[in-house]
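Here are my notebook entries from an afternoon with this chain. Have the sequence and the model open beside you as you read.

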Amino acid sequence: PPPRSISVAQHLEGWNDNNCFKAEVTGTESIAGRKAHVIPVVATPENCLVEPKPLRLATILIDIETELPLKMVYTSD
């Protein structure tokens, strides 16, 4: 079997667990010939109880079959 990373659910849980970010699967995209889940991650500083994070937006593309991250794009101030 192909190698596995953490699951998509675990990615979402990791980003959403402290309410500083909101992450959800919004669709699919093809990247490097692979079909991938598209997960935008948006900072929600109004909900964050700690110092604001420099990260404003991240987009993570996770292979549907193997659940391995294929691409991550981070945007900050």
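I began with Glu-13, which sits in helix α1. Helices here are DSSP runs of H or I of at least four residues, strands are E runs of at least two, and both are numbered from the N terminus. Is Glu-13 buried or exposed? I found Glu-13 exposed, with a relative accessible area of 55%. I used under 20% relative accessible area for buried, over 50% for exposed and partly exposed in between, with a 1.4 Å probe and protein chains only. I also looked up Glu-13 and Ala-23, 10 residues apart along the chain, and their C-alpha atoms are separated by 8.4 Å.

A note on the source: this is a predicted model, where local features need pLDDT of at least 70 and side-chain atom pairs count only at pLDDT 80 or more, while totals for chains, interfaces and linings use all residues. Residues are numbered from 1 along each chain as its sequence is written, and side-chain values use heavy atoms, with hydrogens and water left out.

Next, the layout. I counted one helix and five strands in the protein chain, in the order α-β-β-β-β-β from the N terminus on. Of its 77 residues, 31% are buried.

Then the strand pairing, where DSSP must find at least two bridges between two strands. Strand β1 (residues 21-23) runs antiparallel to strand β3 (residues 34-43), and three bridges join them. Here I saw Lys-22 opposite Val-42 of β3. Strand β2 (residues 27-31) is also antiparallel to β3, over five bridges, and Ser-30 has Lys-35 in β3 as its bridge partner. β2 and β3 make a hairpin with two residues between them, and Ala-32 in that turn has a positive phi of about 55°.

On to strand β4 (residues 55-63), which pairs with β3 in the antiparallel sense over seven bridges. Val-38 faces Leu-61 of β4, and Val-42 stands opposite Leu-57. Seven bridges also join β4 to strand β5 (residues 69-76), again antiparallel, with Lys-71 in β5 as the bridge partner of Leu-61. The hairpin of β4 and β5 has five residues between the strands, and Glu-67 in the turn shows a positive phi of about 65°.

Which residues touch the most other members of the largest nonpolar core? Of its 14 residues, they are Trp-15, Phe-21, Ala-23, Ile-39, Val-41 and Ile-60. Two or more residues each come from α1 (8-16), β1, β3 and β4, and β4 gives the most, with four residues. A core here is a set of buried Ala, Val, Leu, Ile, Met, Phe, Trp, Tyr and Cys residues joined through side-chain atoms within 4.5 Å.

Leaving aside neighbours within four places in sequence, its contacts include Trp-15, Phe-21, Ala-23 and Ile-60.

Last, Asp-63, which lies in strand β4. A polar atom of the Asp-63 side chain lies 2.8 Å from the backbone nitrogen of Thr-66. Beyond four places in sequence, Asp-63 is in contact with Arg-34, Lys-35, Ala-36, Leu-68 and Leu-70.

Key:
Contact means heavy atoms within 4.5 Å. A polar contact is a pair of N or O atoms within 3.5 Å; within protein, one must be able to donate a hydrogen and the other to accept it, and residues adjacent in sequence count only if both atoms are side-chain atoms.
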